[in-house]
Amino acid sequence: MFLYKTPWIVQKLYPSLTWRRNQRQTIYLTFDDGPIPVLTPFIQNTLKDFEIKATFFCVGDNLRKYQEIAQESFQRGHKIANHTYNHLNGWKTNKIDYLNNIEQCKNIIEKIGDTGRLFRPPNGRKYKGQIIQVKKKY
């Protein structure tokens, strides 16, 4: 299993972002990049076996291709969240294109029935101008 932890210096540079929650006896289980055939249904069934809910941070293009898989996740009580439409690297994308890509993904999430208000930048790569704009909506 690969665990990724944001470097402490990045957390210090952006203290207004949510890095962790300190709620007792609560685990926030999240998955990135889906939905994709085979893997996402396997995860859905495993979560169902253990009566666990999760948040799926989805790539919009995958949502477009496999909307029925995402719909199944949502109907089972999971959250569908935004991971950009094309899994963009925020460090290599201008602010307007980045924000439009997020909005494009949000529109698909709303068609599935969720709000699309949660956002996780791919690989954690974003810069201050993007953060300021994204925080206004997500």
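**Salt bridges and burial in a predicted model**

Reader: In which helix do aspartate 61 and lysine 65 both lie?
Author: The two residues are four apart, about one turn of the helix. Helices here are DSSP runs (H or I, at least four residues), numbered from the N terminus, and strands are E runs of at least two. Both residues belong to helix α3.

Reader: What kind of model is this?
Author: Residues are numbered from 1 along each chain as its sequence is written, and side-chain values use heavy atoms, without hydrogens and water. Local features need pLDDT of at least 70, side-chain atom pairs count only at pLDDT 80 or more, and totals for chains, interfaces and linings use all residues, since the model is predicted.

Reader: How far apart are the closest N and O atoms of aspartate 61 and lysine 65?
Author: The pair forms a salt bridge. That term means a side-chain nitrogen of Lys or Arg within 4 Å of a carboxyl oxygen of Asp or Glu. For this pair, the distance is 3.6 Å.

Reader: Which residues are linked with Asp61 in a network of salt bridges?
Author: Aspartate 61 also meets arginine 64 in a salt bridge, at 2.8 Å from N to O. Those two are three residues apart in helix α3 (residues 60-65), so about one helical turn separates them. The network joins Asp61 to Arg64 and Lys65.

Reader: Is lysine 65 buried, partly exposed or exposed?
Author: Buried means under 20% relative accessible area, exposed over 50%, and partly exposed in between (1.4 Å probe, protein chains only). Lysine 65 has 40% relative accessibility. Therefore lysine 65 counts as partly exposed.

Reader: What is the N to O distance between glutamate 72 and arginine 76?
Author: Glutamate 72 is partly exposed at 30% relative accessibility. Arginine 76 is partly exposed too, at 22%. Their side chains meet in a salt bridge, N to O, at 2.7 Å.

Reader: How many salt bridges does the whole structure have?
Author: The bridge between glutamate 72 and arginine 76 is one of them. A search of the whole structure brings the count to seven.

Reader: Is threonine 40 buried or exposed?
Author: Threonine 40 sits in helix α2 (residues 39-49). Beyond four places in sequence, it touches Pro35, Phe56, Ile69 and Ser73, where contact means heavy atoms within 4.5 Å. Its relative accessibility is 5%, so threonine 40 counts as buried.

Reader: In what order do the elements run?
Author: The protein has six helices and three strands. From the N terminus on, the order is α-β-α-β-α-α-β-α-α.
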